[in-house]
Amino acid sequence: QLVKEVLLNELDPIFPALRHLHIAEAIDSVLNLFNTFLQNNKAAGMVKKEVQGLGQMAEAIKAMPQYKELVSKYSLHMEITKNCMIRYEEQNLEEVSGVEQNVATGLDVQGKPVKKPAAAAALALLLANPTIKAGDKLRLILIFVSSFRVESQEEATVLLHAANLTHAHRAVATLRVL
């Protein structure tokens, strides 16, 4: 497998349009930009059909270097967004971010207050999930402890055991007393 190192910055013709988008929007945007490119690029038009004359062929040849460069960039961005989406799904980031938002804000997606037992139940499901990274679990526990004022050390210990993070006992204990 070929590993390619690329610098994503303002000089890249695609990156500035994608950098602040949600992954789902970025995927749609890359596809739309690529389709627009295919419609507007003379060389891309030649790939789809036969050349009808020397003038058309000369135009296509002039556009070829740009065509190859941009196709390479679109391919790269498609690969990056695909890999980001794979990681997003593998790490259950939709669930993690949902619980994190609910706990941190104290509101669900409908704007209704989240009660501590409901938040604790949602958190427990994530803490038991082996695909959730330890750092994400610890962050969720710390947000829960600070948002819902976990008073007892026993309650904090139960969360840490559920996440298999007993080594983080000191961090949670310190946050509890703040």
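Which residues line the largest pocket? In this predicted model, local features need pLDDT of at least 70 and side-chain atom pairs count only at pLDDT 80 or more, while totals for chains, interfaces and linings use all residues. Residues are numbered from 1 along each chain as its sequence is written, and side-chain values use heavy atoms, without hydrogens and water.

The largest pocket is lined by Gln 1, Leu 2, Lys 4, Val 6, Leu 8, Leu 76, Glu 79, Ile 80, Asn 83, Cys 84 and Arg 87. A pocket is an open set of points on a 1 Å grid over the protein atoms alone, with protein on both sides within 12 Å along at least five of seven lines; lining residues have an atom within 4 Å of a point. The lining comprises 6 nonpolar, 2 polar and 3 charged residues, where Asp, Glu, Lys and Arg count as charged, Ala, Val, Leu, Ile, Met, Phe, Trp, Tyr, Cys and Pro as nonpolar, and the others, Gly among them, as polar.

The chain contains 9 helices and 0 strands (DSSP runs of H or I with at least four residues, and of E with at least two, numbered from the N terminus). Of its 178 residues, 30% are buried (under 20% relative accessible area with a 1.4 Å probe, protein chains only; exposed is over 50%, partly exposed in between).

Helix α8 spans residues 153–162, and Gln 153, Ala 156, Leu 159 and Leu 160 are buried there. These four lie on the same side of α8 because they cover an arc of only 120° around the axis, taken from the directions from the helix axis to the C-beta atoms. Glu 154, Val 158 and His 161 are exposed on the face turned away from the buried side of α8.

Methods:
On a 1 Å grid over the protein atoms alone, a cavity is a set of points where a 1.4 Å probe fits but cannot get out, and a pocket is an open set with protein on both sides within 12 Å along at least five of seven lines; lining residues have an atom within 4 Å of a point.
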